[in-house]
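Colleague: I am new to reading structures. Could you take me through this one, term by term?

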4 protein chains.
Amino acid sequence: MTSTDTRPVAEPTAEEAAALEQLYADFAAAHMAPLWTQRAGLMPETPEPAAVPMLWRWSTLYPLAARSGELVPVGRGGERRAIALANPGLPGTAYATPTLWAAIQYLGPREEAPAHRHTQTAFRFVVEGEGVWTNVAGDPVAMRRGDLLLTPGMHFHEHHNTTDHPMAWVDGLDIPLVRQLDAGFFEFGPDQLATRETPVASRNERLWAHPGLRPIGAPRTPASPLMAYRWEHTDAALTAQLELEREGHPGVISPGHAAIRFSNPATGGDALSTIRCEMHRLAPAARSATSRVAGSAVWQVFSGSGVVTVGAERYEVATGDLFAVPSWAPVTITADEGLDAFRFSDDPVFEALGLARSTVEKEQAGKHA
Amino acid sequence: MTSTDTRPVAEPTAEEAAALEQLYADFAAAHMAPLWTQRAGLMPETPEPAAVPMLWRWSTLYPLAARSGELVPVGRGGERRAIALANPGLPGTAYATPTLWAAIQYLGPREEAPAHRHTQTAFRFVVEGEGVWTNVAGDPVAMRRGDLLLTPGMHFHEHHNTTDHPMAWVDGLDIPLVRQLDAGFFEFGPDQLATRETPVASRNERLWAHPGLRPIGAPRTPASPLMAYRWEHTDAALTAQLELEREGHPGVISPGHAAIRFSNPATGGDALSTIRCEMHRLAPAARSATSRVAGSAVWQVFSGSGVVTVGAERYEVATGDLFAVPSWAPVTITADEGLDAFRFSDDPVFEALGLARSTVEKEQAGKHA
Amino acid sequence: MTSTDTRPVAEPTAEEAAALEQLYADFAAAHMAPLWTQRAGLMPETPEPAAVPMLWRWSTLYPLAARSGELVPVGRGGERRAIALANPGLPGTAYATPTLWAAIQYLGPREEAPAHRHTQTAFRFVVEGEGVWTNVAGDPVAMRRGDLLLTPGMHFHEHHNTTDHPMAWVDGLDIPLVRQLDAGFFEFGPDQLATRETPVASRNERLWAHPGLRPIGAPRTPASPLMAYRWEHTDAALTAQLELEREGHPGVISPGHAAIRFSNPATGGDALSTIRCEMHRLAPAARSATSRVAGSAVWQVFSGSGVVTVGAERYEVATGDLFAVPSWAPVTITADEGLDAFRFSDDPVFEALGLARSTVEKEQAGKHA
Amino acid sequence: MTSTDTRPVAEPTAEEAAALEQLYADFAAAHMAPLWTQRAGLMPETPEPAAVPMLWRWSTLYPLAARSGELVPVGRGGERRAIALANPGLPGTAYATPTLWAAIQYLGPREEAPAHRHTQTAFRFVVEGEGVWTNVAGDPVAMRRGDLLLTPGMHFHEHHNTTDHPMAWVDGLDIPLVRQLDAGFFEFGPDQLATRETPVASRNERLWAHPGLRPIGAPRTPASPLMAYRWEHTDAALTAQLELEREGHPGVISPGHAAIRFSNPATGGDALSTIRCEMHRLAPAARSATSRVAGSAVWQVFSGSGVVTVGAERYEVATGDLFAVPSWAPVTITADEGLDAFRFSDDPVFEALGLARSTVEKEQAGKHA
């Protein structure tokens, strides 16, 4: 599709070729590089990600995390027993996509992870288990199946497992983006846990998890004041959308496809400044529209099973499986007996920088039973 | 406190006085008016509202509304059986304050109020009763004690009472503001009700009343997409604030004083563009800080009793009582055995126009048992 | 066009009529007022302004202002020798429209007007003369023909005439709006002038009147940091628009009709928070489109002559003439040999409150020579 | 300063070491990577840029560009005769910093560069010469010494040299950022120039380069509608700041240091969505405060000479010289007989993503003669 220069160009003479070779050598010596030899690679007609579509199975991830639980201590320095998903297209890194870091974090019985804070934005999403509290800025937050827990940038946080069984969850961060921008600051907290409290509900949700109700006296924060999104609410919201669809009313994204975005109740915007978090539900046999988005994403199946296509790849997925979607790769998800999936992406970055672009091939959205 | 011109001014001669008299007559004939004779009234040093502090007792309002229920039909033309609170300082109007209209609306057994829509922003707040549905833009919304129901500008709305008993509630609108600005448009809807459905939950709250969760597929609207705020949530939010206070954590406005603001979940801003809505709770024996706000407000006691001072006035208030607070009048509320009160105000207007100003005399905030 | 209840209504019996009369009396005694008897007046189908279209001729205004210059001193208390345009539809006030105050201010040779500040937003627009400096927040601003000078809310300001001849100009303020909202605060400054400096350019324009260039080190202010808009720039901008039109490029509003809006360079928004200021230029024989706007405006012809229609009124206008446009009144302007006109309006208020609405009957926009 | 785990750790047994080795091998096979072995590199305590401070001298750049003018044609495919500044810390790229691309572009006598457009944001800054017009979205824009010319994303643009002498300038783009994000789209335009017009002023500046004046009828665009910032205005703005300083008034950043930011007149924000552009002027012998900014920048000396320190590097700089400033590197500039310098940076990216951080060591700001 590329337009190219079709004018007849004379073959360079040997003298010309030598002069050009010398020019390029002089460029290099002067720390210069010509655009014309690399324009197409630098500025492709559509995104040409190095990252590739990739699937990581929970049935592989979890046992490996459990083995590390026996061999590797959690402590100061390494800080966290987290194992990142490394995109094969980005060798030498531990990045799921060029902007997103995704890991399985594993905390053994009674283990504790010490406090630190950093510029990088983080969340935890729990696909199974419970019993760990993450203490964010002094506010102990229970982690339970289906919950999304935020750790906005520069909030001190520490974790502790209050039970006799291990727990594992998914961490998402913007480590690659912040690393690329050279934007990161990191600070160690006290070596001792600030609290071992285990309240059922965190203070932030007691103040803020009331629909449409702002606590007038609560402190103002640049980040989302709500940092715990409970599965009970997420499930109810998705259930309502599919019910409304059955009643003939708007609400779903496309037939059989319900979805919510986790948002900052003080602004209505994304829950995190650099990472968008969403939960999707496909009704039994429903197929999502095929969409392409400028920007990358990682998905985790939360429950159910189905088939996912990402570009030329086709994955049969089940609970806990994670897959990476590079920029502009078309994605389609088809549910078996229904499928819930958590998605996180760098969409807020693209929107903030005026780079957002997407297409949805609506005609391909499948009907469902 | 006014600086005045203390320079000796010669008494005008008779000739000068006559010339001045002629000048003022010529001004009048030319439709001109000098500033210097009315500057102090036009531009006082602090607000000098014509509106006065005023109390309306529910025990007076309700019986009068009930009598009108027997004598006055509800129908096309008059549109609503609503009786406004008329501030004695604003004679010839039916305004509670210079910007706010407040009324008791009464709907008899099985009665219906026909559809219309208008520029004016409206809400309903229910201090007692249930059984009426207000249908807003085709979405039937149940009205129950403690609920706040919105009717944003230019949304068609109609009401119907599904029971054999009457129901009354408070309407709040920005009629005076819109009238003063000459900003109002009004349109009649069909004479027949669009629907007599009585769902437990409206569609807008099924989509939007999930804390921090945005339905991705829902239509975007300039007004708040959430139009029903249920007492169950409001009560839980206020309860949590006072619990957090007892545990030593932030959340209340001042000791013993919890409060939430009803907000648009898509923006985090006020639920309505021109009217702020809040619910306040004072713990037993708690006293609010004394506050002065540029702008006017109307309060309704929702439950409990106490003493309110507005400027030089002192009111003993109980459930259902309403009182008007003119601009810049100091307000203090003291609870007996606890008091919940709904407040609405023109604060969003002042904020949008850069006119907001307030003082809180924190030192006066009383301790509570 | 009003839908009315056409169902046959039985004539009330004498008993019923008496009961109704008693009810209304009891309403009045309880400070209540029924909606149904006044709904149409309170909530008309389209704006029904009390303000009327009105023309004030400069040839009338100026001599009256000059007479007041001989009879009335400028000084503390009255503060300014300003004579307001009083809309005949708003008797008992000195308001040009329900939101806008417009006046001719007259300062005799060597006279001074003392410092004060107030919540009310103000500007000066100069249709003729020069020699006065207005000192705004300590920054002396020369006033010359064609200039717009701002006095944002709560900026101290004082004027002094440095010449041996009088000078008159137009003041615009939001006094009616602020009065209606009970939003005004006023403060006297020192009785003595802070400065009698007469720089050619004010400091604010030396910092900010460079197109698209922000001074990084300048203090941040909520109001527009630029407070002087010089005719030289306004004229050049309008000239360019008509030239671009002749060259076949976009830029004008409609054929032969160029216009600029005075804006805050730090935000791109209106120069003042509650008043929009614009300059319009009609080419010779050009006719503007007929427009209706929710909200009111005042225009002043700056140069040239033409014919203006406002609703049912038709005015032949010339330099200095002012006319008021009530809300939703259709306006059309036709130039003779070209016409420049300054317009100010309450549009920012309507936009901030979500009340903006307008129609432009483009088909009526006339072609010009 | 790093806290480290100082608890005595038992040396692993051979068996443990083997198990760990096997675990890491299994991680690699599963496309997983542990955080604990690379946490410090991924998340340093302060930014640890790979990019290094670097100086490119104009006296080196220009002759090499001129040689390429003789050896390399400009045409479709390579598109531009631009030679990028390649930061030695980012080998294998042609990036000045991790987010910014900077190049010298050279156009020979009568040469033309064909039209294309792309997601990447671009500007041209002219340190010497004139005679080239860049046609942006159909609007021919003259390029002259001291001018900043914008090419916002997805605007078609082409250049043509109307003279018999070559011209060179600096191009700045966000190519590295867009490449890293996989956000780029690129489109070729027609092979033939759309226009060879050479107006003195572009249409965008005729509409928008009037201080504080918005053309009401101009089309609305997401990007800055003003795309040409002329040296005449920039120079006047900087001159005024230093004059105001001498008169004792605010305006400069620090003693002897004037600066302006090129802004979008429709919003007051940055002229470009991802690149900040500024012009700085240091009075004779003035020294800037030492500042550290999270984010990277490139500077070009526009006139004068002086000494620059970037981190541990010290450069004596003169007209045309460019230097790169990595994230968080301290920068100080000291002028000889005065120095003007153009700066561009990724600050808008950091601000949009909530990552902005900076320190200014004001005590180090030098006094000047």
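Modeller: Start with a definition. Rings of Phe, Tyr and Trp (its six-membered ring) pair if their centres lie within 6.5 Å; planes under 30 degrees apart count as stacked, over 60 as edge-to-face and the rest as tilted. The model is predicted: local features need pLDDT of at least 70, side-chain atom pairs need 80 or more, and totals for chains, interfaces and linings use all residues. Residues are numbered from 1 along each chain, chains are lettered from A in the order written, and side-chain values use heavy atoms, without hydrogens or water.

Colleague: How many aromatic pairs are found over all chains?

Modeller: The search of the whole structure gives 65.

Colleague: Why is the pair A:Phe125 and A:Phe342 called stacked?

Modeller: The ring centres are 4.2 Å apart, which is within 6.5 Å. The planes are at 5°, under 30 degrees, so the pair is stacked. The two residues lie 217 apart in the chain, A:Phe125 in strand β6 and A:Phe342 in strand β21. Strands here are DSSP runs (E, at least two residues), and helices are too (H or I, at least four), numbered from the N terminus.

Colleague: What makes A:Phe125 buried?

Modeller: Buried means under 20% relative accessible area, exposed over 50%, partly exposed in between (1.4 Å probe, protein chains only). A:Phe125 has 0%, so it is buried. A:Phe342 has 1%, so A:Phe342 is buried as well.

Colleague: What makes the pair B:Tyr62 and B:Tyr106 edge-to-face?

Modeller: The centres are 6.0 Å apart, within 6.5 Å, and the planes are at 65°, over 60, so the pair is edge-to-face. B:Tyr62 sits in helix α3 and B:Tyr106 in strand β4.

Colleague: Why does B:Tyr62 count as partly exposed?

Modeller: Its value is 23%, which falls between 20% and 50%, so the label is partly exposed. B:Tyr106, at 9%, is under 20% and therefore buried.

Colleague: What is the area buried between chain D and chain A?

Modeller: About 7600 Å², with 68% from carbon and sulfur atoms. Buried area is the accessible area (1.4 Å probe) that two parts lose on being put together, summed over both.
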